[in-house]
Amino acid sequence: MTNTTNTTRFQGGVSRRAVLAGAGGLAAAATVTGFPNILRAQDKSLKVGVYGGYFKESFDKHVFPEFTKATGIAVESVAEPTGEAWLVQLEQAARARQAPADVSMMSQVAMLKGMSADLWAPLDLGKMPNTANVLPHLVNKYPDGRVAGIGAVSWFITLVTNTQSYPQAPASWAALWDPANKGKLGLMALVSNSFLLEVAAATHFGGTKHLDTEAGQLDCFKKLAELKDNVNLWYRDEAQFEAALKSGEIPMGQYYHDVTGLAVADGQPVRSTFPKEGGINDSGSWAVTRASTKLDLAHVYIDYMSQPSVQALLSRKVGTAPTIPRAKTDLTDAEFGAVSSEIAPIVPRYDMYQTKADWLNEKWTEMIVG
Amino acid sequence: MSALVLDGLAKRYGSVVAVHGATLRIPHGQFVCLLGPSGCGKTTLLRMIAGLEEPSGGRLFIDDRNITEMPAHKRDFGMVFQSLALFPHLTAGENVAYPLRIRGVSAADQRKRAAELLDMVQLPGMADRPVSKLSGGQRQRVAIARALALSPKLFLLDEPLSALDAKLREAMQIELKQLQQRLGITTIVVTHDQREAMTMADLVVVMSQGRIHQAASPVEVYRRPADAFVADFIGMTNLLEGEAAGNGTLSVPGGTLVLPEMTGNSRVLLSIRPEDVVVHGNAEGGPNRLAGRLSFVRDLGASVELRIDVAGREIVAVAHPKDRPSVAPGSPVTVELPPQACVLLPLATGHAERAA
Amino acid sequence: MIRRPPRTLAEHAPILFPALMLIVFFVIPFGLMIAVSFFRRVQGGFYEPDFVLANYERFLSAFFGNVLSFSLMLAGLVAVVAVAIAFPFTYRLVRLPHPAQVRWLVFLLSVLSLSEVIIGFAWSTLLSRTAGITNLLVAVGLMEAPQSLSPGFGALLAGLVYQAFPYTVLVLYPALARFDFSLMEAARTLGSSPARAFFTVLVPALRNTIVGTVIMAFVFALGSYLLPQLLGRPQHWTLSVLITDQAIYQSNMPFAAAMAVFLVLVSLALVGLALILGRREGSQ
């Protein structure tokens, strides 16, 4: 089943994505210049942890070979297990001064947990000129300002509808609360993957800042309790909701923007809408365990990944939203629209899930079960 | 008045005929044995009477009421199965009381009646014994008591004693017969054991290959078998093929017999029981005597079995030890076949023609 | 054959291997789970070895009490319904000609090979508004408009019973195949209609088998965590779903372990109770 963030979230779209990925060329990342010659030596290698499955396959196929070609650094990719087991493994290995991977792709909550244990080696932005482009909310920083991680991939969860049931696209997340939509919604079943508290805060309380206090969080829970009657399915299995959305069985809900785009391309009667409050922007970051002895190579790697051309490649081949402003990339309107939007996103309050995970989870379960 | 009438009762399984139209009248209070080798259709016939098999043809009446279509549970017949079919989850008493329970008899009356029935089959005080704690003979008695619990019009038993050892079986045969006589209940037992049939039955019904060959008293079946099958199946017999000359003489291998009451001239089969064959220790001729040679002597204590080779055929004689001829095996002897002991049978299956 | 109990190591050898496997694959993992259930949860981290009762305390609330009783009720209902359907079915099955029995058993085994996910999808489609059976009822004129029957309690029950059914049949099959059907005939000659004989002879004679099968189906249904998500509404999520949530999504192993230990203990207690009651009745 799915992890809180992005481990296996591409389950539903893997095969189609794989087909799409095979169709295009590899031209985008070919123009790489300016890397120090000293790093071109043959014996340079880096272990990179990537979520197992779709992500690892895509990176192995489209990204790592180009990186090795450009920098001379060989990449040994490591499949990360689901859940937070990888974080635990990294922590335990770090105590023994071992690094199962030098650089790892980590979910935002895992980033925070690692920071609380001082697991991540501070990164030097000065050694990574390309990271200047990365959107500020995708740069992870320790409370004292040191950089712990840099956005690796990001994606959007949006408001999706069946076009036959809804000829008119909804404009706002408020549609979830509309009494006219009784029994029509499919929403994600977990507090930590649906980010509906943030949606409630952004839609009804002026922004996710409202979640700063427990009173504000309770406001949002209360607000969410109001839409329960509208929900047909609280789903954990993405494929189940996707099928129901296509057939019109459950004509509205929240879902991944890029996967919905693939369904549209297949001719399915569905659409993904960025509501005026913004799509939910979830992401994964690159972070380096402090046990790694290859911090220099890791900097080269993260810098390489933050280049506009590589971000564009990821958008085209892996289906992720760029971690840098669109203007810096050469993505066409169609290519950009397939993965992102110009509307300001709702950024999940990961801090909240780190500090109050159990309380939020219990409140949430009681709210939807009760 | 006939208690039970079978009118052409038949059973077919696809193209296989298990029972050809069976027709039989069984008067009240009779003890009937359906006797025959395995696969002869006797059990199928019994099951049709019980209502457990649907006849493919024919009708069944009891006291002139047609019950051909009546389901088993409405017939009120008691039946003892070959496996006994005691209910393993119930005690001896509960097994016996089962038919009473089904009919809504009060618990107290059930217990009382079960105790009476167990007394009747000589199992007093066994009511609370689980079935698994009973010996083979005790189970037998419980099964009988259960079948009789409702004083049925008809008591059916399918090879009831086959699971018991020989000694117990003989004792049970006598006991069962006595019980039947005491209760006066019409009883039909299926068996393949002719001794068992002879011990218990008022009426023996001999069956083979789905047909009834003869239905008669045990003595009659033994003394006057209807055909070669019956003659051979019931006890031991000598069968000699012969040619009737039409003048009361019958030529058989080894000589000619004079059977005064015989008519017609055709090839027939002569049946004579070993105990009716008289063996003479000399080679003297005489009426109905055939010359032969003593080939084997078996001394059984109570009787002596003699095997005599007559013109290449073996004739078996059983004699009382005091009538044993004083000759050694290999000596010439003559065998006498008394006319009144000879039964003439048609060569093919059919009905008997009395010779004397 | 050795008639006396085994004494030397060599004589014990035949049971050593299964015993070892049982220890390695059952006793040790279960022991670890019990240990973890007393560990201290580190929020925003993972867990640390400790001996705290907080995980059990958290569980002792009206909310989890309700979830637990719903899970037990659902599993019990599934077990009873599955056996109530499977028992008459198997009774008919064992009386079919042998080739027909083999065909049915192969069919049931192939149903077994379906994953819980496929079963969940099939039932949610079958009970959907857009493609489900209600469309058939509308076509025949029995209903006004097609209706969605899933997710819901009925859908969940149907899915779980469907999943448990082949196991139930396969467990009942040997006992019914060995059953002496002359007992049923005896009951009929003693005045029982076939239906009466079924309930007064067949069912009580196979009572232990039936109780055992109900227990198996109960435990089986209790462990189901995918179908409640696919076919149920949140109020139908079983304790197994919440355990999965805690273990996988919340990384709260101690709490998940505590709930799992509690679930195992409650099921063991219920199974033990059923066996004790069964024995007491049997000895009467």
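Predicted model: local features only at pLDDT ≥ 70, side-chain atom pairs only at ≥ 80, totals over all residues.
How many salt bridges does the rule find across the interface of chain A and chain C? The rule finds 4 there.

## The interface of chain A and chain C

The size of an interface is often given as the accessible area lost when the parts come together. Chain A and chain C bury about 3000 Å² between them, and carbon and sulfur atoms account for 50% of that area. Three residues, A:Arg236, A:Glu249 and A:Asp358, supply 23% of the area that chain A buries against chain C, more than any other three residues. In terms of residues, the contact takes 34 from chain A and 33 from chain C.

A:Asp358 also takes part in a salt bridge with C:Arg41, where the closest N and O atoms are 2.5 Å apart. Between chain A and chain C, 13 residue pairs are in polar contact, counting pairs with both residues at pLDDT 80 or more.

## The chain A side of the contact

Several elements of chain A each give at least two residues to the side that touches chain C: helix H4 (108–116), strand S7 (231–235), helix H8 (238–247), helix H13 (350–355) and helix H14 (357–369). The largest share comes from H14(A), with 8 residues. By residue type, the side of chain A that touches chain C divides into 11 nonpolar, 14 polar and 9 charged residues.

## Salt bridges within chains

Over all chains, a search of the whole structure finds 42 salt bridges. In chain A, A:Glu335 forms a salt bridge with A:Arg316, and the closest N and O atoms are 2.9 Å apart. A:Glu335 lies in helix H12 (residues 333–337) and A:Arg316 in helix H11 (residues 308–317), so the pair ties together parts of chain A that are 19 residues apart in sequence. A:Glu335 counts as partly exposed at 27% relative accessibility, and A:Arg316 counts as partly exposed at 32%.

A salt bridge in chain A also joins A:Arg326 and A:Glu342, with the closest N and O atoms 3.8 Å apart. A:Arg326 is in the loop between H11 and H12 and A:Glu342 in the loop between H12 and H13, so this pair ties together parts of chain A that are 16 residues apart in sequence. A:Glu342 is exposed, with a relative accessible area of 60%.

In chain B, B:Glu275 forms a salt bridge with B:Arg223, the closest N and O atoms being 3.6 Å apart. B:Glu275 lies in the loop between strand S14 (267–272) and strand S15 (278–280), while B:Arg223 lies in helix H7 (residues 218–223), so the pair ties together parts of chain B that are 52 residues apart in sequence. B:Glu275 is partly exposed at 35% relative accessibility, and B:Arg223 is partly exposed at 39%.

## A covered strand in chain B

Strand S3 (residues 31–35) of chain B is mostly covered, with 5 of its 5 residues buried. Both of its faces are covered: B:Phe31, B:Cys33 and B:Leu35 are buried on one side, and B:Val32 and B:Leu34 on the other.

S3(B) runs parallel to strand S8 (residues 186–191) of chain B and is joined to S8(B) by 5 bridges. B:Phe31 has B:Thr187 as its bridge partner in S8(B). S3(B) also pairs in the parallel sense with strand S9 (residues 203–208) of chain B, over 4 bridges. In S9(B), B:Val204 stands opposite B:Cys33.

Technical notes: Residues numbered from 1 in each chain as written. Chains lettered and ligands numbered in written order. Heavy atoms only, no water. Contact = heavy atoms within 4.5 Å. Buried area = accessible area lost by both parts, 1.4 Å probe. Salt bridge = Lys/Arg side-chain N within 4 Å of Asp/Glu carboxyl O. Polar contact = N/O pair within 3.5 Å; in protein donor to acceptor, adjacent residues only side chain to side chain. Nonpolar A, V, L, I, M, F, W, Y, C, P; charged D, E, K, R; others polar. Buried < 20%, exposed > 50% of the residue type's maximum accessible area, 1.4 Å probe, protein only. Pairing = 2+ DSSP bridges.
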